[in-house]
Amino acid sequence: MTSPSAWLQRFHYLFTTPGQILDLACGAGRNSFYLHSLGLSLLALDKDAQSLAGLQAKGIETKVHDLETGECGYDWPFAEHSFAAIVVCNYLHRPLFPHIFTSLKPDGLLIYETFAAGNENFGKPSNPAFLLRPGELLAQMQSNPAVTMSIIAYEDGYVEQPKPAMVQRICARKTGKISVLDKL
């Protein structure tokens, strides 16, 4: 099994909001296993049931679901304020961003990292549809006007580990809804 995300390991201590953590598009579950080892309550979601089998064997709650279906090009199965934190690593489906923010509880934490433009020089993914544009992850923090995300840390650039790649990654906390007065 590969190691959990170094970005997740760096900021896991900020999981202070009570409740469940969502590991979105978790794959084989490297981050889920890590969070579970910390004694945190989590839900591991992926569209591949076989990928989730190892997690289920360890008693981790899982959900098989394809987020990229539906009439709108996405299918978000969660209600508002469902999660204390959401972790997303090496996955990008842009229509989900506003829903991710809404599904965080107040003071919920988002740990998000994925590949960025320039990664085509290092291998896959190389398709621009799966690469964040410069500064895009920061811009996405404002994609849901009903939610305010406070940036804790952000990086955009080259990483050597776990393999050479261009990435963007962010750690942000949901700080509440924008009031009408804030818009004036």
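This is a predicted model: local features need pLDDT of at least 70, side-chain atom pairs count only at pLDDT 80 or more; totals for chains, interfaces and linings use all residues.
Which residues do ring pairs link into a cluster? Keep that in mind as you go through the points below.

1. Let us begin with the aromatic rings. The ring pairs join Trp76, Phe78 and Phe83 into a cluster, and the structure holds six aromatic pairs.

2. One of the six aromatic pairs is formed by phenylalanine 97 and phenylalanine 101. A pair of aromatic rings is described by the distance of the centres and the angle of the planes. Here the centres are 6.2 Å apart and the planes make an angle of 35 degrees, which puts the pair in the tilted group. Both residues belong to helix H4 (residues 97–103), and because they are four residues apart, about one helical turn separates them. Are these two phenylalanines buried or exposed? Phenylalanine 97 is buried, and phenylalanine 101 is buried as well.

3. Now for the charged side chains. Side chains of opposite charge can pair when their charged atoms come close. The structure holds five salt bridges. One of them joins glutamate 136 to arginine 94, with 2.5 Å between the closest N and O atoms. This pair links distant parts of the chain, 42 residues apart: glutamate 136 sits in helix H5 (residues 136–140), while arginine 94 lies in the loop between strand S4 (83–89) and H4.

4. Why does glutamate 136 count as buried? Its relative accessibility is 5%, and buried means under 20%.

5. Another salt bridge brings together the side chains of glutamate 113 and arginine 169, at 3.5 Å from N to O. Here too, distant parts of the chain are linked: glutamate 113 is in strand S5 (residues 104–115) and arginine 169 in strand S7 (residues 165–176), 56 residues apart. Glutamate 113 counts as buried because its relative accessibility is 8%. Arginine 169, at 13%, counts as buried too.

Key. Residues are numbered from 1 along each chain as its sequence is written. Side-chain values use heavy atoms; hydrogens and water are left out. Rings of Phe, Tyr and Trp (its six-membered ring) pair if their centres lie within 6.5 Å; planes under 30 degrees apart count as stacked, over 60 as edge-to-face and the rest as tilted. Helices (H or I, at least four residues) and strands (E, at least two) are DSSP runs, numbered from the N terminus. Buried means under 20% relative accessible area, exposed over 50%, partly exposed in between (1.4 Å probe, protein chains only). A salt bridge is a side-chain nitrogen of Lys or Arg within 4 Å of a carboxyl oxygen of Asp or Glu.
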